[in-house]
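Subject: Structure handover

Hello,

Here is the structure for you to look over. My notes on helix packing, the pocket and the cavity follow below.

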Amino acid sequence: MKKNIAWSVQLSQNNRAVVVFMIACCVGYALFKTSYRWVGDIFQTLVILGTLVSIYINRRKATKEPLVWLMVLAVITPFFSWFNALFEHPSIVSSTPDLGAIFNFYFFLFVAYWIRHDKVYINSFMIAFCLGVLLTMYSYAPDMVNEITRGLNGQRVDFSYVNANHPAALLGAAVIVAISFWVKQQNSSAFFGATRTSINIMLILFTTISLMMLVFTQSRQSWLALVISLGLMAWAYVYRRYAFNPAITLFIMVVLTGLSAIITAQIPIINDRLMDEKDVVLALLSLDLDNIPFSSIGIRVHLWSESFAWIKENPLLGLGQNGRALVISSSEVMPAFVKKDFTHLHNGYIDTLVNYGIVGLMIFMVSIYSLLKRGMSQSQTMRCASLTIGFVSFFMVINLFESFLTFKSGEFIFNSVAAMILSMIYNDKKEVGL
């Protein structure tokens with residue numbers, strides 16, 4: 001297989017064993033990064049080292065992948081934010097800048113470097129991600145049977161993984177990936193030797209289990225994000241498959257998704273959770289911000305409100321990795337328990353703006369835009385388009401209410417699914433660039 005650019009893997013007979021080994025490392029990362037982190041870290045390190053060696057071997061050739069240059073900016077930006085904080089607020093500055101804060105979200109380029117060459121590699125990675133999510137729930141939960149029982153009894157379950165919003169985000173992303181498998185297999189009679197019927201059974205079983213666990217987390221942000229993303233995935237599938245008018249199809253899907261959400265909201269466990277913050281929502285709608293209680297949503301609103309002044313003061317580069325802690329600790333309106341227990345601003349975009357400014361946020365947003373534009377291109381398959389619109393919308397929504405742009409769970413979710421999307425972009429179009 002001859003390529004004319006760097007970042008290409010020569011799948012010749014002589015080095016195929018190396019390639020298979022690297023694919024196994026990518027799969028190991030997806031399986032174990034959140035379930036048994038020390039194992040996942042080993043696989044991730046091997047992927048990085050193997051990719052760097054391959055790039056060195058092909059060092060005389062140039063990459064055409066634009067996201068590589070954003071990755072370079074992702075390393076530089078935290079340094080300038082840290083340097084800016086030395087003059088603005090030296091008391092909060094760490095001894096060294098956190099150069100990996102944004103850069104770590106570009107590990108997907110290393111994974112895509114390997115898995116993009118064959119649909120079997122991409123599918124294997126997708127399956128490993130889905131299984132890895134369930135394995136995470138199992139490995140962290142002290143008693144899975146008890147967790148399920150508590151969930152069935154209406155109690156909120158977090159499977160002992162960070163807090164309930166984090167397993168919910170993992171499960172929601174896994175559902176989106178699983179549904180993209182269904183989109184794929186409609187055009188194929190077999191997958192890894194399995195029949196269409198067996199594929200459907202496995203997908204239904206996995207999706208049912210994941211959705212059940214997601215409901216048990218009682219994570220409103222992930223419920224909202226998944227409803228929106230599934231509606232958009234259905235829109236992309238229908239209008240592309242049947243050549244309908246995109247605008248009309250979107251309107252119909254919005255109506256159907258809204259009706260489905262209203263019906264689903266009548267389920268007792270979901271309805272009770274949605275009604276918990278009714279008073280806060282009413283206060284927000286009346287713009288009575290001063291009287292918003294410090295409840296789950298209320299704390300978020302107050303944190304966001306406190307952040308705006310700091311963002312205005314340092315809009316371009318922010319205050320470095322300790323900026324968000326300064327916002328909370330210096331607040332005159334936050335109660336003591338918030339200052340003690342909360343370490344982030346519960347919004348990935350605001351967190352990034354406070355820490356790394358507009359420059360830092362734009363690095364991420366341009367990456368998202370690039371994946372969305374290319375993944376939704378008419379030249380891409382329905383599976384690629386559905387996964388792209390589904391995941392991008394899901395990840396964007398959950399970051400409105402939780403700082404997944406600063407958490408390891410968010411890093412893992414983004415890197416895993418972005419690697420799938422970018423790999424499909426290259427594989428479906430038979431492009432070279434990485």
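Predicted model: local features only at pLDDT ≥ 70, side-chain atom pairs only at ≥ 80, totals over all residues.

H3 crosses H17 in a left-handed sense. H3 covers residues 67–88, and H17 covers residues 348–375. Their axes lie 9 Å apart, at an angle of about 165°. Over 145 degrees counts as roughly antiparallel, and that makes H3 roughly antiparallel to H17.

From H3 come Leu67, Leu70, Leu73, Ala74, Thr77, Pro78 and Ser81. On the H17 side they meet Asn355, Tyr356, Val359, Gly360, Ile363, Val366, Ser367, Ser370, Leu371 and Arg374. By class, the residues of this H3 and H17 contact are ten nonpolar, six polar and one charged.

Next, H10.

This helix runs over residues 220–241 and packs with H9, residues 196–217. The two axes come within 8 Å and cross at roughly 140°. Roughly antiparallel would need an angle over 145 degrees, so H9 is oblique to H10. H9 passes H10 in a left-handed crossing. H9 brings Leu211, Leu214 and Val215 to the contact, and H10 brings Ser222, Trp223 and Leu226. Five of these residues are nonpolar, one is polar and none is charged.

H10 also packs with H18, which spans residues 382–398. Here too the axes come within 8 Å, with a crossing at roughly 155°. That angle makes H10 roughly antiparallel to H18. The hand of this crossing is right-handed. Its contact has 15 nonpolar, six polar and two charged residues.

Now the open space. Which helix gives the largest share of the lining of the largest pocket? H10 does, with ten residues. The volume of this pocket is about 1200 Å³.

By class, the pocket lining has 27 nonpolar, 14 polar and eight charged residues.

How many cavities of 30 Å³ or more does a search of the whole structure find? The search finds one. About 40 Å³ of space lies inside the largest cavity. Its lining is made up of Trp82, Ala85, Ile92, Val93, Ser94, Leu319, Gly320, Gln321 and Asn322. Five of these lining residues are nonpolar and four are polar, with no charged residue.

Best wishes

Note on methods. Residues numbered from 1 in each chain as written. Heavy atoms only, no water. Axes fitted to C-alpha atoms, helices over the stretch in contact; angles between N-to-C directions. Helix = DSSP H or I, 4+ residues; strand = E, 2+ residues; numbered from the N terminus. Parallel < 35°, antiparallel > 145°, perpendicular 65-115°, else oblique. Left-handed = near helix turned anticlockwise from the far one by under 90°. Contact = heavy atoms within 4.5 Å. Nonpolar A, V, L, I, M, F, W, Y, C, P; charged D, E, K, R; others polar. 1 Å grid on protein atoms, 1.4 Å probe; cavity = no way out; pocket = protein on both sides within 12 Å on 5 of 7 lines; lining within 4 Å. Points joined across faces, edges and corners; volume = space filled by probe spheres on them.
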